[in-house]
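Here are my notes on the model you sent over.

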Amino acid sequence: MLGFLERPVVVTADINLNVVALTAVGLLSRLWQLAYPRAVVFDEVYYGQYISFYMKRIFFLDGSGPPFGHMLLALGGYLGGFDGNFLWNRIGAEYSSNVPVWSLRLLPALTGALLVPMAYQILLELGFSHCAATGAALLILIENALITQARLMLLESVLIFFNLLAVLSYLKFANSQKQRPFSLRWWFWLTLTGMACSCAVGVKYVGVFTYLLVLAVAGVHAWHLIGDRTLSHVRVLCHLLARAAALLVVPALMYLSFFYVHLTLLCRSGPHDQIMSSAFQASLEGGLARITQGQPLEVAYGSQVTLKNVFGKPVPCWLHSHQSTYPMIYENGRGSSHQQQVTCYPFKDVNNWWIVKDPGRHPLVVSSPPRPVRHGDVVQLVHGMTTRFLNTHDVAAPLSPHSQEVSCYVDYNISMPSQNLWRLDIVNRESDTEVWKTILSEVRLVHVNTSAVLKLSGAHLPDWGFRQLEVVGEKLSRGYHESMVWNVEEHRYGKSQEQKERELELHSPAQMDVSRNLSFMARFLELQWRMLTVKSDDSEHKYSSSPLDWVTLDTSIAYWLHPRTSAQIHLLGNVVIWASAGLATAVYALLFFWYLLRRRRCIRDLPEDCWLRWVLAGALCAGGWAVNYLPFFLMEKTLFLYHYLPALTFQILLLPVVLQHVADHLCRSPLLRSVFGSLVVAWYSCACHVFNTLRPLTYGDKSLSPGELRALRWKDSWDILIRKY
């Protein structure tokens, strides 16, 4: 029974020393003097602000991408003991002693270092030689732009890591499919593929391009699987369901989990929550929650309310009125009603309060018990401070002549009667008897006489309107828009019938203490929509560039300049690698179409296994370059050189593929192969020389004289730099 003790326990393992060595040099290249420079470098000024928000648990909104990448950077700060107290106000600012610079930059550096062995593994899984795989890894190792981006608190290296991890995992899964389908290894690599794709999208939205590429390749393989007559129908169905679960369901659940953790961590009100709905703001600690906490839920006749426009553009604002009237004659010569102005005001103000009145009753207080207002009811809105009724009529709005003017009615005893009845339309109701609810209900106010809808036009009024935003009556025939929707943000039950007492009541805050929560899915959907639709800063940047500039490396970015010496960091690529990778892509495309045409004529230049390997390598490498590059031509946003790095990485992987193919299939004589091999070695040496030449600008650890800068000049992008010295 104890016979197994008579023999020693032996564990054997296959260790690829190439992977170990490549990992070691990758870590050395990315981690060496990682805390230098101890100053804010380029976009660290933005990501650092988000990390501080995480440390203080303050809500923020970043329209550039989902929160997973930001959370990973914040994890580095948390592990380093960062308290979030640093003013990220300018590039070049020296970090204070409480900022763990090494820890904050560690994760991007680690992911950037792991790209080196991953490139090696991808080429092996594609079926290419160890020599080609090592060549791909070395190219990733000495690419200056990839090193620069990985050594800073930025997200491109993290994005590229998950892109390559998704491709590598799928290749390992596909190779496992040939040996032992549905084994533990098979499930591991398939699930990891979906998880890596979700992480790539979670870091930046552009990660979806690689995700779609992997789905496309998986779809083609699944299509061939369906045609495999050796598999039963049940077996094929199991294969399809497994792929759907791992590549669709798992990524969706993970994506939701990123936002769940994000919203759980950021539970406090901050400077970015003004763009969110009142319900979302009220779910955060502090800020609006302190004002709205415990308000009556149901709006009743006699309620005192503030009405916020749901659209929130160009800025969040509230329905507002004041004593001033519209000018009798506008600058363009048109006349107005000269009624009291109604605007949308982007600040909290006592003139934002309105009283919901029953048209059939005189009192402006809530009865006991309160009579709730329901969908379809006709109401009047009385301005709290001036007691005038919200009104609209067939008079052109001041800045939107196709729409009706909205005013508070002033009786000038002329033939212009009051038209102040509004029908309540709750757009997010669950039934036709839905009660108007504070914060939760989104409503339209439809004018009874003209069927116009109260709408924020978004135009800024002239000085006579105090530069506030125009509110108009828009005909229903013009269609639905969020700018027509309002919600009650602040709410109290009115108690004072006399005007002077009511004015004092409006100036005082509500004193109740009941909280109201918003579900995770409601907050997720709203936050996701805001992130996708928030207007980004499209202003021109001196280092911005076009996609055509990236391919030719006709651009660079000055990331950091030492305040006292000429040491500096630039995002500048290895020109030998960039040019060769572009050439390899063109060569691959030409060879692919040449082989395809000849195969159409039933001429097989390549054995079938070599052809399939050639096609798969092109689909993943050339396809990875295309899907991560070409969409930028359609994007209306400020672009920089670093946006090209994910596409460049796939292009670099294609380069050794083309070189090996040329050596194996086009150089038929030993002499020709020998000459070609010598040229490849010389080319690698040249790439290493360029890397070493640009190393001072990659690491920023060396002061450069004007002559040295002039020697490093690449086209005209260095002119500005040289003039400084």
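This is a predicted model: local features need pLDDT of at least 70, side-chain atom pairs count only at pLDDT 80 or more; totals for chains, interfaces and linings use all residues.

1. Residues are numbered from 1 along each chain as its sequence is written, and side-chain values use heavy atoms, with hydrogens and water left out.

2. How many salt bridges does a search of the whole structure find? The search gives 15, where a salt bridge is a side-chain nitrogen of Lys or Arg within 4 Å of a carboxyl oxygen of Asp or Glu.

3. One to look at is Asp425 with Arg444, whose closest N and O atoms are 2.7 Å apart. This pair links distant parts of the chain, with Asp425 in strand 8 (residues 422–426) and Arg444 in strand 9 (residues 443–447), 19 residues apart. Helices (H or I, at least four residues) and strands (E, at least two) are DSSP runs, numbered from the N terminus.

4. Are the two partners buried or exposed? Asp425 has 11% relative accessibility and so counts as buried; Arg444 is buried too, at 14%. Buried means under 20% relative accessible area, exposed over 50%, and partly exposed in between (1.4 Å probe, protein chains only).

5. Lys437 and Glu434 make another salt bridge, with 2.4 Å between the closest N and O atoms, and both residues are buried.

6. For Asp701 and Arg695, the closest N and O atoms of the salt bridge lie 3.1 Å apart. Asp701 is partly exposed at 27% relative accessibility, and so is Arg695 at 23%.

7. Turning to the surface, Leu548, Leu630, Phe633 and Leu634 form a nonpolar patch with about 450 Å² of accessible area together. Patches are made of residues with over 30% relative accessible area and no salt bridge, with like charges joined within 9 Å and nonpolar side chains (Val, Leu, Ile, Met, Phe, Trp, Tyr) within 5 Å; accessible areas come from the Shrake-Rupley method with a 1.4 Å probe. Leu630 sits in the loop between helix 17 (608–629) and helix 18 (645–666), and is partly exposed at 44%.
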